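Please read the following briefing alongside the sequence and the model.

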Amino acid sequence: MSAISELSSISRRKGKLSAEEKKANGRDNKAAYIFLLPWLVGLVAITIGPMIMSLYLSFTDYNLLQPPEWVGLDNFTRMLTDARLHNSLGVTFTYVLVGVPLQLAVALLIALVLDKGLRGLPFYRSVFYLPSLLGGSVAVAILWKQIFGTTGLVNQVLAMFGIQGPGWISDPSTALGSIILLHVWTFGAPMIIFLAGLRQIPVMYYEAAKVDGATTLQQFWRITMPMLSPILFFNLVLQIIGSFQSFTQAFIVSGGNGGPSDSTMFFTLYLYQKGFGQFDMGYASAMAWFLLVIIGVFTAINFIASKYWVFYDD
Amino acid sequence: MTTKLETLPTPDKKSGPGKPTNHRKPKVRESRGTLAFSRAQRGKALTKHAILILAGGLMIYPLLWMIVSSLRANELIFREPGLWLDSLEMSNYTDGWSALTHPFGHYMINSAIVVIGSILGNLISCSMAAYAFARLQFTGKKLFFGIMLLTIMLPFHVVIVPQYILFSQIGWVNTFWPLIVPKLLATEAFFVFLMVQFIRGIPRELDEAARIDGAGHPRIFLRVILPLMVPALATTTIFTFIWTWNDFFGALIYLTDPDMFTVPVALRAFVDSQSATSWGSLFAMSIVSLLPVFLVFLFGQRFLIKGIATTGIK
């Protein structure tokens, strides 16, 4: 069971205790809090405390040297007129809304081809999975920078066919595309989740469908997709949350400045520049909270929409 | 009595919630009577292999090319898209190794310190929290568990500014503490969740038996649960290794002194200092930096794939 289904089941079961839970209720408080102590300290000192603090800072002007100065909603009104911020939102939305569906589509496609007891499956699975472990590293971002450079691997290959390719990462119209491609390249992790999900679909459904004369395509839309929809939903939610926070690839490929012409200036990159480049901590905090709200809204939309397309068997 | 436990079936073999179980029947070889059918089947399998080999080749080619290029003379990198090598150029490795203020091994040791600290931190703190959530009854359990799940999805940008302020005020900038201490406090909630899932699959009768023998919670945790959750601990170790080894953002913010650089920030400094003059040695060090991840992948694959498939997070 995934973290997401756990969360929704907690809210559904609210207040009801199982017999076992009732029996043991209130018995282990002391032991439990001792076991939870590191986590509780972390929750207060590393997570909730800083969250409250950053909410406060978002209403202040703070540069680390002088004490924070309360400025009310100034940071947020500044965000309304900050053209670079609007641009960075556009870049991030493009990255998320193109990259995530594309990556999941490839992951699902390969998982479907890989499924049915194919010989050599473990080998293929490893080959496809490896990039998702390496994709977040600086080393691969460096490789990408070379591959999509003006005289990089891609253009060398294109030259063999007599095509003169553009400088993919130095051209503002293609730079973001090459970073999206890097995201798609790391489809291995969702692919593994899809594979696990495909194995849970009882084979008798397909047998029954075959007896009724259903085509492969019909089987896919009527059996595979509905049965896989909770997993697709899960992948979608997590990939969207994760992609909004992407940072390393854009940072390395653009040399840290989000260029060319801000075409790879991700929201997180801009936040980093404001907070840790210019030490405009108040503004950076306001941006961080804005990001949290955006991610929250996207996740909420996802959950609401899921009622119409996600199929739960139980 | 604990020695007896080893003969019991290990919990990962049981199909706990969310564990993929294979409903498919074993493939039966087609009998002679259906030769035409089996030919079609074989054709289909061949098509699949062709697709997979093509896609897999495309995925892995950039990595192979980087390895080959790291063994080539610099000027060839921008002319040679193929994988054949006329001669081995080891100078990229020797040059790259000593291109920065310190030999590259220095940064690898720094990374190793952070990785080991993070692994120990995650193993201890997350397993303790997981034991409480999975086995103990206490006030506020549902609330805390819900919060724990939510923190998995919390973007770290919301806490990074105050965390930075906090750690810089206690003088921890340019030390490894800001990268390790949060792990000691179980802030990587993903692993808590992974372990909770695993502990739930361990039969409660074992705890009961130990309790009847007079064991308290610390003893049950150490002698019964921990030895049985080794697969979950292995998954945690491997993921922590890879994520920490690749972590760029944290190191970028907290480590500004070249003495303290971990591998990702050292590589980034390398990119900045060389800017397209010595791609060979840059590639060479990139490969050196990916090697530990690759080795961990090679030997820990089983745990990685099980970990993703059961909890569904990359």
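Of the 314 residues of chain A, 41% count as buried, a residue being buried if 20 or more other C-beta atoms, placed from the backbone, lie within 10 Å of its own. This is a predicted model, in which local features need pLDDT of at least 70 and side-chain atom pairs count only at pLDDT 80 or more, while totals for chains, interfaces and linings use all residues. Residues are numbered from 1 along each chain as its sequence is written, and chains are lettered from A and ligands numbered from 1 in the order in which they are written.

**Chain A**
- The secondary structure of chain A consists of 15 helices and two strands, where helices (H or I, at least four residues) and strands (E, at least two) are DSSP runs numbered from the N terminus.
- Taken along the principal axes, the box filled by the C-alpha atoms of chain A is roughly 75 × 75 × 35 Å.
- Among contacts in chain A between residues at least 6 apart in sequence, 69% join residues at least 24 apart; two residues are in contact if their C-beta atoms, placed from the backbone, lie within 7 Å.

**Helices H5 and H10 of chain A**
- Helix H5 (residues 83-114) of chain A packs with helix H10 (residues 188-199) of chain A at an angle of about 45 degrees, with their axes 8 Å apart; axes are lines fitted to C-alpha atoms over the stretch in contact, and angles run from 0 to 180 degrees between N-to-C directions.
- That angle makes H5(A) oblique to H10(A), since angles under 35 degrees count as roughly parallel, over 145 as roughly antiparallel, 65 to 115 as roughly perpendicular and the rest as oblique.
- The residues that make the contact include A:Leu104, A:Ala107 and A:Leu108 of H5(A) and A:Met191, A:Phe194 and A:Leu195 of H10(A).

**Chain B**
- Chain B has 13 helices and zero strands, and 41% of its 314 residues count as buried.
- In helix H6 (residues 177-184) of chain B, the residues B:Pro178, B:Leu179, B:Ile180, B:Pro182 and B:Lys183 are buried.
- These buried residues of H6(B) pack against helix H3 (29-57) of chain A, together with helix H3 (104-135), helix H5 (157-169) and helix H11 (249-254) of chain B.
- After H6(B) comes B:Ala186, whose phi is positive, near 55 degrees.

**Interface between the chains**
- The contact takes 84 residues from chain A and 79 residues from chain B.
- Helix H13 (residues 279-311) of chain B supplies the largest share of the side of chain B that touches chain A, namely twelve residues.

Conventions:
A residue is buried if 20 or more other C-beta atoms lie within 10 Å of its own, exposed if 12 or fewer, and partly exposed in between; C-beta atoms are placed from the backbone.
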